[in-house]
Amino acid sequence: MANKSSTRQKVSIILYAIIVVALFVLIYFVPSVFETFTPTLIAEIDTVKITDEVEGYIVRDENVYFAARGGLVTPNIPEGERARKGEKIVSIASYTVDDNEELTALNEKINKFALGDNIFANDIGKLDDIINKTEDQLKEAQKKKNAELVQELEDKLARLHSKRAVINASVNTVAENLNIEEGTTKGATIIGSDVSSVANPKSAEGPLEMTGTISYCMDGYESEFTPDNMYMLNKDKVSEQDIKVVNTYQMGVKQGNPVFKLVKSATWYLVSWVPAESVIKYIKGNIVRIQSEALGDREVTGKIDDIVDINGNVLVIMKFDTYFPEVSQVRKIPVTVVTLDSEGLRVSNKSIAMGKDEEGVDRPGVYVKGLNGKFEFRPIKILKSDGEYTLIQSVSFDETQGEGDNKKVITVDTVSPFDEILRNGEDGGK
């Protein structure tokens, strides 16, 4: 009896081992074998999110107002509130005020930039070479009647000439317009959008000359980080700056001290120099989202306004129209940038092949099985790709065709969810 029991045990163990091996083969090998003989695959819905960690600088269009006399400041409009033209923002009660190290340092920084120092690229020789080269490119584009390129080059030339004008701005003229005497700015308003263009001196106690948002947080760079100047920023010079924000709310001030600033627009920018390996993540015109603890951990949506290569340093300019108080209170911030967060269809890279669209133009696409069992070529728009799979736009996408007066936007039909796609795209053209 013992022998029979032992034999049954051995048989059971052998049968168990056979079943395990059979299941292993079924799970890991049989699907691969079937795939080899299955000529199609199904387009599956998938998502992709591409992020980048950068150091960015906030750019605003703003004016700084100074104290025409010393004393204690009483704000009539709190931080972050919108004020209308003609309103009185602060009152200053005459009072003897001791020196304030933060305000003194802020004044020194403002005066330094007003007297001609800047954080812009200032190699005039190189700048002239770039201007001449761009002018030649513009002439060539005009000959070929390439309206889109002409506009792009004209915009670039305008920025370059503006940059040259700022660098060559007369120090004496700037100082005179700012009413600087013995290193002090008296009752003046710096117009942030143009370092060489200054309004008539205005007291911080006077009526506001335009509508805007009030902030008491300043860093002395209000005339440098502006929408007009941001294309001129020099990476090395900017990185050397010790940027500190001073909050003047309810401070005691001396004559010539900055009191508040007026942010003139709800539109603001974030600029960042991006490493070469990350540039591919950014496409001009694309939607972008940013998040930063310095902005209250908000997720803010904007767009990539421009990408500028300056002597090998790539400056990405992001534009935003959502305004909140933190935008006025910070300058240099660490940011998480989401450059792509899309849902699409995942297809094998082997399925993608070159084929002709309805216009007879060669372009990448896949072959989709129709109701009649035949395969037809469908153009694709690639969202993201790796070594094995590619995420493509689903159903349809828009693209621009033609130039000048013949330019038009058309909708291209592409792959839909659960379409049956030819596994090996190269077989589609046979």
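Visitor: Is isoleucine 42 buried, partly exposed or exposed?
Guide: Isoleucine 42 has 40% relative accessibility, so it counts as partly exposed. The cut-offs are under 20% relative accessible area for buried and over 50% for exposed, with partly exposed in between (1.4 Å probe, protein chains only).

Visitor: Where is isoleucine 42 found?
Guide: Isoleucine 42 is in strand 1, residues 40-42. Strands (E, at least two residues) and helices (H or I, at least four) are DSSP runs, numbered from the N terminus.

Visitor: What kind of model is this?
Guide: It is a predicted model: local features need pLDDT of at least 70, side-chain atom pairs need 80 or more, and totals for chains, interfaces and linings use all residues. Residues count from 1 along each chain as its sequence is written, and side-chain values use heavy atoms, without hydrogens or water.

Visitor: How many helices and strands are there?
Guide: The protein has eight helices and 27 strands. Of its 430 residues, 41% are buried.

Visitor: Which residues have the most contacts inside the largest nonpolar core?
Guide: They are Ile89, Val90, Leu208, Ile214, Val259 and Phe260, in a core of 24 residues. Such a core joins buried Ala, Val, Leu, Ile, Met, Phe, Trp, Tyr and Cys through side-chain atoms within 4.5 Å.

Visitor: Which elements supply at least two residues of this core?
Guide: Strand 3 (62-66), strand 6 (90-94), helix 3 (101-114) and strand 14 (258-263) each do.

Visitor: What does valine 90 touch?
Guide: Leave out residues up to four places away in sequence. Then valine 90 touches Val73, Thr74, Pro75, Asn76, Ala204, Glu205, Tyr216, Val259 and Phe260. A contact means heavy atoms within 4.5 Å.

Visitor: New topic. What is the strand order in the open sheet of three strands?
Guide: The order is 6-4-13, and the pairing is antiparallel. Two strands pair if DSSP finds at least two bridges between them.

Visitor: Which strands stand at the edges?
Guide: Strand 6 and strand 13 (252-253) do. Each has a single partner strand, so one side of each has no neighbour in the sheet.

Visitor: How many bridges join strand 4 to strand 13?
Guide: Two bridges join them, and strand 4 covers residues 71-75. Glycine 71 has valine 253 of strand 13 as its bridge partner.

Visitor: Which way does the phi of glutamine 250 go, positive or negative?
Guide: Glutamine 250 has a positive phi of about 60°, though it is not a glycine. Most residues other than glycine have a negative phi. Glutamine 250 sits in the loop between strand 12 (246-247) and strand 13. Glutamine 250 has a relative accessible area of 56%, so it is exposed.

Visitor: And what is the phi of lysine 145 near?
Guide: It is near 55°, a positive value again in a residue other than glycine. Lysine 145 is in the loop between helix 4 (124-143) and helix 5 (147-167). Lysine 145 counts as exposed because its relative accessibility is 70%.

Visitor: Last one. Where is lysine 281?
Guide: Lysine 281 lies in the loop between strand 15 (268-274) and strand 16 (287-291). Lysine 281 is partly exposed, at 28% relative accessible area.

Visitor: What does lysine 281 touch?
Guide: Lysine 281 touches Ile50, Thr51, Asp52 and Thr339, not counting residues up to four places away in sequence. Lysine 281 and valine 338 are 57 residues apart in sequence and 9.3 Å apart in space, C-alpha to C-alpha.
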